[in-house]
Amino acid sequence: PKSDSITFIFKKSDYLFKEVPNQKRMSAFLNYSEFGQFKEVYLSPQNKDRDDVQTISIQSDKLFLIHYWQEFYKVSRAVVHKGDTLVVDYSKGYPEFSIPNRATKSSDLNLEQKENLHFPKDAFSFFQENKRPRTKNEKQVYEKELAELTTNYKTKLEELLQADALSKEVYEAQMNYMNYYFLNSDSN
């Protein structure tokens, strides 16, 4: 029988930690939504000094995990099933996923890094880096980059699906995420 829980193993790393007065916290966001539910749940790994193992129970059969990097405009995403153990390793400088207990297709995990499918810097990341909002010309460049990425992203996902390197469920979850991101970043 399949377990009703998912186990996350966050490998030891100080890559994602910032120390602020009286607190150590991750400087990247990590959340998930169960399929069929519209609620985000945030995880806070405590893996600065040792691996952190967290087990969560879910009601649906799977969830969609989103792990932002230190660069907030870069994310890693994964579809994780009940009974899975998801290992998150930071040794390569980004969150790299593996699911050792279940066979996955070659692009089901770490797709964004393998295919360099990162969104352009959003308004928040741009402001953090430049200490100012974008100019009118910079906004136009951003909008062009976002439109190009959207087209390239869809094309790449379709190619991977056709090549049997990407499962249908990951394809659909990635397409939904990409469409949501594009609509959510549309200032109109």
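In this predicted model, Trp 69 and Tyr 94 are both buried. A search of the whole structure finds five aromatic pairs, and one of them is formed by Trp 69 and Tyr 94, whose rings are stacked with 5.2 Å from centre to centre and 20° between the planes. Trp 69 belongs to the loop between strand S7 (62–68) and strand S8 (75–81), while Tyr 94 belongs to the loop between S9 and S10, so the pair ties together parts of the chain that are 25 residues apart in sequence.

Strands S9 and S10, which flank the loop of Tyr 94, also belong to an open sheet of four strands, arranged in the order S6-S1-S9-S10 with mixed pairing. The edges of this sheet are strand S6 (52–57) and strand S10 (96–98), each of which pairs on one side only, and the twist from one strand to the next averages 20°. Strands of a sheet pair through backbone hydrogen bonds, and they may do so in parallel or antiparallel fashion. Strand S1 (residues 5–10) and strand S9 (residues 85–89) run parallel and are joined by four bridges, and Ile 9 can be found standing opposite Val 87 in S9.

Other aromatic residues can be followed from here. Phe 64, Phe 119, Tyr 153 and Tyr 177 together form one aromatic cluster. The ring of Phe 35, in turn, has a charged neighbour, for the charged end of Lys 62 sits over this ring at 5.0 Å from its centre.

Methods
Residues numbered from 1 in each chain as written. Predicted model: local features only at pLDDT ≥ 70, side-chain atom pairs only at ≥ 80, totals over all residues. Heavy atoms only, no water. Pairing = 2+ DSSP bridges. Helix = DSSP H or I, 4+ residues; strand = E, 2+ residues; numbered from the N terminus. Axes fitted to C-alpha atoms, helices over the stretch in contact; angles between N-to-C directions. Phe/Tyr/Trp six-rings, centres within 6.5 Å; stacked < 30°, edge-to-face > 60°. Buried < 20%, exposed > 50% of the residue type's maximum accessible area, 1.4 Å probe, protein only. Lys NZ or Arg CZ within 6 Å of the ring centre and 35° of its normal.
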